[in-house]
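Colleague: I am new to this one. Could you show it to me and take my questions in turn?

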Amino acid sequence: MEWMAWTPQTAGFFISIGLAITGMTIWELLSPTTMRQGWLPMATTRGDRFFISLLLTAIIHLLWLGLALEPLWLASLLSLPLAIGLMRWG
């Protein structure tokens with residue numbers, strides 16, 4: 001693993017994604033989801049909305065890195081309410 005530059009932030013990111021996926025799996029086992037349509041143009045499950053929110057967060061962070069001169073944590077502050085809104089009403 002010496003070829004990869006692991007930082008505490010990188011490790012924290014992957015650990016948090018792993019914990020989120022584990023939590024979503026447990027939630028699905030305890031309370032199976034049903035398809036529903038919110039403001040997204042298709043019916044989605046809880047897992048679909050979670051995946052879309054991860055993609056949205058990644059896109060926001062990549063655009064932020066390419067276009068903004070501000071610190072990256074501001075992109076996280078922008079992404080968090082959007083991901084929560086997508087999970088709730090998407």
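Modeller: A pocket here is an open set of grid points with protein on both sides within 12 Å along at least five of seven lines. Keep in mind that this is a predicted model.

Colleague: How much space lies in the largest pocket?

Modeller: The volume is the space filled by probe spheres set on the grid points. For the largest pocket, that comes to about 490 Å³.

Colleague: Which helices each supply at least two residues of the lining of the largest pocket?

Modeller: The lining of this pocket has 16 residues. I17, S53, L54, T57 and A83 lie nearest the centre. The helices that each give at least two lining residues are α1 (8-30), α2 (46-67) and α3 (73-89).

Colleague: By class, how many residues of that lining are charged?

Modeller: Asp, Glu, Lys and Arg count as charged. The lining has 10 nonpolar and 6 polar residues. The number of charged residues in it is none.

Colleague: Which residue forms a salt bridge with R46?

Modeller: The count comes to 1 salt bridge. A side-chain nitrogen and a carboxyl oxygen must lie within 4 Å. Here the closest N and O atoms are 3.6 Å apart, and the partner of R46 is E28.

Colleague: Why does that pair tie together parts that are 18 residues apart in sequence?

Modeller: Look at where each partner sits. The pair ties together parts 18 residues apart in sequence because E28 lies in helix α1 and R46 in helix α2.

Colleague: Is R46 buried or exposed?

Modeller: Buried means under 20% relative accessible area. R46 has 10% relative accessibility, so R46 counts as buried.

Colleague: And what class does E28 fall in, at 31% relative accessibility?

Modeller: Over 50% would be exposed and under 20% buried. E28 has 31%, so the class is partly exposed.

Colleague: Over the ring of which residue does the charged end of R46 sit?

Modeller: For an Arg, CZ must be within 6 Å of the ring centre. The charged end of R46 is 3.9 Å from the centre, and the ring belongs to W27.

Colleague: What kind of aromatic pair do F13 and F14 form?

Modeller: The count comes to 1 aromatic pair. F13 and F14 form it, with 5.2 Å centre to centre and 75° between the planes. Planes over 60 degrees apart count as edge-to-face. The pair is therefore edge-to-face.

Colleague: What is the relative accessible area of F13?

Modeller: F14 is partly exposed, at 45% relative accessibility. F13 is partly exposed too, and its relative accessible area is 47%.

Colleague: How far apart are the C-alpha atoms of D48 and M87?

Modeller: D48 is found in helix α2. D48 counts as partly exposed, at 33% relative accessibility. D48 and M87 are 39 residues apart along the chain, and their C-alpha atoms are separated by 9.1 Å.

Colleague: What separates the C-alpha atoms of I52 and M87?

Modeller: I52 lies in helix α2. I52 is partly exposed, with a relative accessible area of 24%. Along the chain, I52 and M87 are 35 residues apart, and their C-alpha atoms are separated by 8.9 Å.

Note on methods:
Residues numbered from 1 in each chain as written. Predicted model: local features only at pLDDT ≥ 70, side-chain atom pairs only at ≥ 80, totals over all residues. Heavy atoms only, no water. Phe/Tyr/Trp six-rings, centres within 6.5 Å; stacked < 30°, edge-to-face > 60°. Buried < 20%, exposed > 50% of the residue type's maximum accessible area, 1.4 Å probe, protein only. Lys NZ or Arg CZ within 6 Å of the ring centre and 35° of its normal. 1 Å grid on protein atoms, 1.4 Å probe; cavity = no way out; pocket = protein on both sides within 12 Å on 5 of 7 lines; lining within 4 Å. Helix = DSSP H or I, 4+ residues; strand = E, 2+ residues; numbered from the N terminus.
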